[in-house]
Structures are given as C-alpha cells and as structure tokens.
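This report walks through one protein model, from its overall build down to single residues. Keep the structure open while you read.

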Amino acid sequence: MTAACEVSWFSALCDDDYEFLGVSDPQLKSTWEHCRDIVLQAETGGFDNILLPSGYALGIDTTAFAAAIATMVRRIRLLMAVRIGESWPPQLARQIATIDRILGGRLTVNIISSDLPGEKLASAPRYARTLEAMQILKTLLNGGPLDHQGEFWQLKLDAPAVSTVSGKCPPLYFGGLSPDAREAAAQGCDVYLMWPDKQEAVRAIMDDMIARAARHGRTLKFGYRAHVVVRDTEAEARAAADRLLSKLDAAEGEAIRNKSLDTTSMGVAAQSALRENASESGYAEENLWTGVGRARSGCGAAIVGDPDQVLAKLRMYQDMGIEAFILSGYPHAAEADLFARHVLPKLRHGPLTLD
C-alpha cells in the first residue's frame, strides 16, 4: 500500500489568482476576505495544510494573515512563508511560537531566502544568512538558550518565554536549486521543496539532496509544489488549461513574471527551460503542462488530466519518495473544490510528521 502523504493547497496572498491568466479580476485580488475564503474552502475540502505565500511587493502581509486565520480554522495546518531578509530571527521565533499557540500546535513554516527590500546580497552570503536564521529558529523554538556567533548575527539570549504547543520547532520547508541553496537546505531545513520538472530531473535533484544531507549527518523529507487542472476527462482538463491562457497577452505575462523578486533565480530559470523545451501544446511530459509559467514566476507547470491521471502522477512522485504536495489551481477556491471532490478521497493523506 502506498504510504500516506501530506496534501496542501495554496492561498493566493500575493495577487496570484485568476480566471484567465494575466487578466486582473477585482474579485480575485489578495484581500483578507478572498484569501480567508480560500483557506476555509481548503479546510472544508479536507486538505492537510495550506501554504500562505509571502512577497514584499505583492499582496498582503503573511504573518498578520496567519495570526488572524488561525482563530478561524479547526483542523487544517498553516504553512506560513517567512522572508528571512525582512526578519530578526528572535522576533520571528516569538511570532511563530505565538501563532502556533493560537492555532493549537498546527503551524509549519516555509523559509524564503529573501533580500531585505532595497538590498541585494549575492547568492552565497544570502543563503549563509538564511542557514544562520534556521539554526537560530531551531534553537529558540526547541526551547533552548541561544549563543550564536555567526557572520550575520551575534546573539546570546536566554531560553524564550513563549514556546510552541509541542515545545519543538515546527517543520521548516525550504526550496532552491542553486548550489548555495542546496547546501543551506541540506544543513538547515526539514522538508526540501521542488518545483515541477521531468521525472528524471526530479529524481536527480532528490539523489543530490540525499547525498548532501548525509554529508551533514542528516536526512530530509521531500515536497513537490505544482498546479493542477482536474476535470472528468483528459480532453476537458486540457480544454480548461487552454482556457486559462485564452486571454493572455504575451507582454502582460512577461510583466507579471518580472514583478516577482525571484526572477533571476536558478529555480525560475529551470522553469523557463522546462517551458521552452515542452511540446507545441506546452506539455513537458505526459500530463505535465507548462503553460502556467507564461504568466507567473516561480512554480510554472500543472498536472493536467482526469482524476485517475492526476492521481497516477501524484502516486508516481510518491513512489519516488515525495511525502508532501503543495498544490494550487485557478481560480484557487474553485480548483480546490474540484481536486477535493475528485482526487483527494483516493489518496492516503495526513499531516507530515518528522521522524
């Protein structure tokens, strides 16, 4: 029997919700009300977790949103994205512990290796700073005193007064393809996140990360972030995918991609290459469609098909060793409902636990 996996949805806090990609819709803007409704839809649908993304120049504030929505959900976890370049780690630890308390112990954290707005660090120091932040967070959120003498922070602090419900640091999810990112992940995170790629490329990344983590005496869990388009038949799913792009202006799509702060990253370059090498209809391999990437930076491909095809694709990734999925679709609330009704009941799933 296939092992259980964590299945998460996505709440579009960063102005990333559309009926037609690239066409702004006031009803789908990143307001408190709209993003709240996506989270509540995901909880009702049975998802285990939901990613609350973060972008300094886009949408609404993630930490404030997480604290508010934590009072409204009863079962679902929250995967709160935090931008390290904008954070002071001891205060971030305090925020994480407080929100975890409000949530009843169901907070997980997506670490983003961001710059400070207005600042531009080279890759190596930026990821070194991110690794330091993860180490500080783990020490404080595991309830210990801190004596950290690093390149970016020199801190000596007593054990914090506020702890998580478990008394332990929540799982840290993190992604990045560059050698600097991979080394930071190997040493600091718990769940290594990947964007869509061909099966052989995903396998190669996993093998590399397993070896890197082992060199530090660690093991990692693996997560996979993708969009989905599921319909009753493959033909209907492909038609729905094509409809998403039916009003896209190429220049507008490029402008949307360039708004993101990660447009020059190795991960974004890999998504662009996947799209450029896809078939004329946009498929990089069976049921993996790259059209989404024409109007967004970051994760740029979708699993497209009927319920059995989408399920088979997810199970193929599970067989490779992936234990967590972060899925999304357009519009987010509507596609969450479709996936929850047609695919999720066929998956063995539940919250990810660390060994």
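Two residues are in contact when heavy atoms lie within 4.5 Å. In this predicted model, residues 24 or more positions apart account for 75% of the contacts with a separation of 6 or more.

**Overall build**

The protein has eleven helices and 13 strands. Its radius of gyration is 19 Å, close to the 20 Å that the globule rule gives for 355 residues, so the protein is as compact as a globular protein of that length. Along the principal axes, the C-alpha atoms fill a box of roughly 60 × 45 × 40 Å. Of the 355 residues, 54% count as buried. The accessible surface comes to about 14700 Å². Carbon and sulfur atoms hold 50% of that surface.

**Helix α2**

Helix α2 spans residues 62–69. Which of its residues are buried? They are Thr62, Phe65, Ala66 and Ile69. Seen down the axis of α2, these buried residues fall within an arc of 100 degrees, so they line one face of the helix. Their cover includes two helices, α1 (32–45) and α3 (89–103). It also includes two strands, β2 (49–52) and β3 (78–83).

What caps the N-terminal end of α2? Aspartate 61 does. One of its side-chain oxygens lies 3.3 Å from the backbone nitrogen of threonine 63.

**Glutamate 119**

Glutamate 119 sits in the loop between β4 (107–112) and α4 (123–141). Its relative accessibility is 30%, so glutamate 119 counts as partly exposed. The side chain of glutamate 119 makes a polar contact of 3.1 Å with the side chain of arginine 129. Glycine 105 is 14 residues away along the chain. The C-alpha atoms of glutamate 119 and glycine 105 are separated by 34 Å.

**Cysteines**

A disulfide is a covalent bond between the sulfur atoms of two cysteines. How many disulfides does the model have? With a cut-off of 2.5 Å between cysteine sulfur atoms, the count comes to zero. Take cysteine 14: the nearest cysteine sulfur is that of cysteine 35, 8.5 Å away. That distance is not within 2.5 Å, so cysteine 14 is in no disulfide. Cysteine 14 counts as buried, at 14% relative accessibility. Cysteine 5 is also buried, at 1% relative accessibility.

**Backbone details**

Proline 331 is found in the loop between β13 (322–328) and α11 (332–342).

Conventions: Residues numbered from 1 in each chain as written. Predicted model: local features only at pLDDT ≥ 70, side-chain atom pairs only at ≥ 80, totals over all residues. Heavy atoms only, no water. Buried < 20%, exposed > 50% of the residue type's maximum accessible area, 1.4 Å probe, protein only. Helix = DSSP H or I, 4+ residues; strand = E, 2+ residues; numbered from the N terminus. Arc of directions from axis to C-beta. Polar contact = N/O pair within 3.5 Å; in protein donor to acceptor, adjacent residues only side chain to side chain. Rg over C-alpha atoms; globule rule 2.2 N^0.38 Å. Areas by Shrake-Rupley, 256 points an atom, 1.4 Å probe, with all protein chains shown as cover.
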